[in-house]
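Reader: Please set out the reasoning behind the terms applied to the helices of this model.
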Amino acid sequence: MRMKIIGTGSALPQAQVDNSQMAEWVDTTDAWIRERTGIGERRLSTGETVASLAAEACLKALEQAGRKAEEVDLILLATCSAEYLCPSAACQVQAAIGAVNANAFDINAACSGFVFGLNMAQAYIQSGMYSRILIVGSEVLTKMTDWNDRGTCVLFGDGAGAALVEAHEEGDSRMLGCIEGADGTKGMVLNCRSRMIDNPLFHEDREKAGGLHLSMDGREVYCFATRQVADCINQVLKKTELKVEDIDLFVLHQANVRIIEAVAKKLHADLSLFPINLDRVGNMSSATIPVLLDELNREGRLHRGDKLVLSGFGGGLTYGASVLIW
Ligand code: COA
């Protein structure tokens, strides 16, 4: 059984914040942010939630595909910034869109979450367990960022993207192969602590446990990303017996334009094959790839038969790449 993406959708918060606005909040400049990251503006939640953005993106994907919410078997929602630990954001989306026949759960693999979700969907479809799956990446990261830390708060934005996949037997569209990995030994280079242990026997010291905001060693993450992303794309190409020249588009996680340029250089691939939207939306973690995919799809830049590489990387540390025939 093959997996085909039959619809995409995305949703962004209303509020747009450019670099000059950021410069009023922290000690930074438009020039610094653009030069070091490529980011010009991002969206910030003014009440939109992981679940509400995800539900909107899912409804758009369903509408585009001409399918009803009741026809969905599973909702896989990738996020690391959900409002609730329980219920999962996926269950909230299931209720909001009326996907009454769907199972639903969250995946936490930070910025690799959407790619991992797509790979899981492929495994479920191949096994015959589910045949119509919504994969969503949704984040309201700005609730986790430290608005006093200019090194991180300028990087992130909020948003959601979704893809509806379906099992099919005819036509070329399918996933050709994937690679995934994690390196927990480097996990703390990009971390955000959850609640403290606090019970009648033990009260964890908040100072010792670290802050409740996102904390990052930017250089370590940068080095990891430039090395690991090119490596895992090369691995997945080898596995699928394809060459860089066979690929029509490389849809990469949008963290930093310099990371994307470095990966393109390592692969000896033309930078024009790496679509970029981080200048407008910043790093939305698990949402970046599906939002970009939806933009490309709606702009008519994806054609049936095109070969795409999707690659995500980030907290965990985690990384993954998939090759699809659109
Ligand atoms: N505005 C102005 N100056 C800033 C700044 C900002 N927003 N953020 C940091 N600086 C300053 C630093 O304080 C430092 O000043 P100093 O030299 O006086 O100490 C200087 O800029 C250089 O900081 P540094 O952290 O070394 O910059 P960098 O070139 O490594 O760029 C990142 C920082 C975060 C842009 C870069 O490391 C990066 O993109 N890393 C990957 C992060 C990422 O993508 N994370 C998510 C992965 S999914």
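**Helix packing and burial**

Author: In this predicted model, α3 passes α4 in a right-handed crossing. The contact involves V50, A51, A54, A55, C58, L59 and L62 of α3, and A89, Q92, V93, A96 and I97 of α4. By class, these residues comprise 11 nonpolar, 1 polar and no charged.

Reader: What makes α3 oblique to α4?

Author: Helix α3 (residues 50–65) and helix α4 (residues 89–97) pack at about 55 degrees, their axes being 9 Å apart. Angles under 35 degrees count as roughly parallel and 65 to 115 as roughly perpendicular; α3 is therefore oblique to α4.

Reader: Why is α8 also called oblique to α9?

Author: The axes of helix α8 (residues 218–239) and helix α9 (residues 257–267) cross at roughly 40 degrees and come within 9 Å. Roughly parallel would require an angle under 35 degrees, so α8 is oblique to α9. Their crossing is right-handed. Among the residues that meet are Y222, R227 and I233 in α8 and R258, V263 and K266 in α9. The contact of α8 with α9 divides into 9 nonpolar, 2 polar and 3 charged residues.

Reader: How do you know that the span of α5 agrees with its number of residues?

Author: Helix α5 (residues 113–127) has 15 residues, which at 1.5 Å a residue should span 21 Å; the end C-alpha atoms are 21 Å apart, so the two agree.

Reader: Why is α5 described as largely enclosed?

Author: Buried means under 20% relative accessible area. Because 11 of the 15 residues of α5 are buried, the helix is largely enclosed by the rest of the structure. The buried residues include F114, F116, L118 and Y124. Just after α5, G128 takes a positive phi of about 85 degrees.

Terms used:
Residues numbered from 1 in each chain as written. Predicted model: local features only at pLDDT ≥ 70, side-chain atom pairs only at ≥ 80, totals over all residues. Heavy atoms only, no water. Helix = DSSP H or I, 4+ residues; strand = E, 2+ residues; numbered from the N terminus. Expected span 1.5 Å × (residues − 1). Buried < 20%, exposed > 50% of the residue type's maximum accessible area, 1.4 Å probe, protein only. Axes fitted to C-alpha atoms, helices over the stretch in contact; angles between N-to-C directions. Parallel < 35°, antiparallel > 145°, perpendicular 65-115°, else oblique. Left-handed = near helix turned anticlockwise from the far one by under 90°. Contact = heavy atoms within 4.5 Å. Nonpolar A, V, L, I, M, F, W, Y, C, P; charged D, E, K, R; others polar.
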